[in-house]
Amino acid sequence: PTPRCSVMAALWLWCAGARRLWRQSSGRLCALSSAASEPLTVRRQQEGVRQIILNNPKKRNALSLAMLQSLREDILQDIESKDLRVIIIAAEGPVFSSGHDLKELCTQSREHHSKVFDTCAEIMMLLQRVPVPVIAKINGLATAAGCQLVASCDIAVASEISRFATPGVNVGLFCSTPAVALGRSVPKKVALEMLFTGEPISAHDALLHGLLSKVVPEAKLEEETMRIARKICETSRSIVALGKATFYQQMVQGLGDAYKMTSKVMVDNLMLKDGQEGLDAFLHKRKPVWSQ
């Protein structure tokens, strides 16, 4: 071949190689860009029902600091809007949540660790302080802080395949913060067995012990969760908000103080516009028209 042909052949081979490398790099960059653009949580709302989806199934929906911050943002978004009546927390993939991101806890500073646990505790308390009911919809495994999240919601509906565990003891990190919510949802001896052994319990056992509100076949999970949500949407937002706040307040009081406080609340409830509307509708056998 002539020198010119050799040069042209070399140039063609170089261009072909460059194109191949560009396609490979472009594919990798697109994959990385797609992964980076995937939100950790997805929020959508329709007819008063807000669904928040934990959206990191590749990491078993681990409650990293970033995931917790995204969840908090989705909970608080327009939280006082009269159009919001119920929040449902669900998850993509076979794991509802595996709890905290252990890799994050192994590699970050003590200050970062404190921020993770403080943020998590804030969210667990926030679930009970927001003025609308929060429903956990579980279809799979919920462990450690994931189990804590379930226990912290007002209502929890799970499929029959779901399981619950606090396995931190097996990796040398006792589930002390999940124990706060778990110990307030199930009997002490059940909680301690879960905490000391790390062994999972079935959805039916979780229902029996009070961690769950309902267990349904997997095919019925969405239908039953939405049925509960829609039923709540038929009630007065202001009355439900008052009732939820009062319930959690009286739970930490002594019996006498609880009755004293709730008796006053019921009198106040009678004076509310929706309180009067509900009673009038009942007496006149008509459907109430709520202000909110």
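Predicted model: local features only at pLDDT ≥ 70, side-chain atom pairs only at ≥ 80, totals over all residues.

Guide: Setting aside neighbours within four places in sequence, Ser64 is in contact with Asp101 and Glu104. Ser64 belongs to the loop that runs between strand 2 (49–54) and helix 2 (65–76). Its relative accessible area is 13%, and because buried means under 20%, Ser64 counts as buried.

Strand 2 is joined to strand 1 by six bridges, and the two strands run antiparallel. Within this pairing, Val42 stands opposite Ile53 of strand 2. In general, the strands of a sheet pair through backbone hydrogen bonds, in either a parallel or an antiparallel manner. The sheet concerned is an open one of six strands, in the order 1-2-3-5-7-10, with mixed pairing. Strand 1 (41–46) and strand 10 (214–216) stand at its edges; each has a single partner strand, so one side of each is left without a neighbour in the sheet. On average, neighbouring strands of this sheet are turned by 20 degrees against each other, direction ignored.

Arg43 forms one with Asp74, and the closest N and O atoms are 2.7 Å apart. Arg43 lies in strand 1 and Asp74 in helix 2, so this pair ties together parts that are 31 residues apart in sequence. Arg43 is partly exposed, with a relative accessible area of 37%, whereas Asp74 counts as buried at 5%. Another salt bridge joins Arg72 to Glu122, with 2.8 Å between the closest N and O atoms. This pair links distant parts of the chain, as Arg72 is in helix 2 and Glu122 is in helix 4 (residues 110–129), 50 residues apart. Arg72 counts as partly exposed at 21% relative accessibility, and Glu122 counts as partly exposed at 35%.

A salt bridge may also lie within one helix. The side chains of Lys264 and Asp268 meet in such a bridge, at 3.0 Å from N to O. These residues are four apart in helix 11 (residues 255–271), and they are therefore separated by about one helical turn. An α-helix has 3.6 residues a turn, so residues three or four places apart point the same way. Lys264 is exposed, with a relative accessible area of 53%, while Asp268 is partly exposed at 36%. Salt bridges that share partners also join Lys214, Glu224 and Arg227 into one network. A search of the whole structure finds 12 salt bridges.

The surface has a nonpolar patch as well. Leu102, Val171 and Leu173 form this patch, with about 260 Å² of accessible area together. Leu102 is found in helix 3 (residues 102–107), and Leu102 is partly exposed at 42%. Helix 5 (residues 145–152), by contrast, is mostly covered, with eight of its eight residues buried.

Finally, the chain may be viewed as a whole. It has 12 helices and 10 strands, and 41% of its 292 residues count as buried. Among contacts with a separation of 6 or more, 68% are between residues 24 or more positions apart.

Conventions: Residues numbered from 1 in each chain as written. Heavy atoms only, no water. Buried < 20%, exposed > 50% of the residue type's maximum accessible area, 1.4 Å probe, protein only. Patch = residues over 30% accessible without salt bridge, like charges linked within 9 Å, V, L, I, M, F, W, Y side chains within 5 Å. Areas by Shrake-Rupley, 256 points an atom, 1.4 Å probe, with all protein chains shown as cover. Salt bridge = Lys/Arg side-chain N within 4 Å of Asp/Glu carboxyl O. Contact = heavy atoms within 4.5 Å. Pairing = 2+ DSSP bridges. Axes fitted to C-alpha atoms, helices over the stretch in contact; angles between N-to-C directions.
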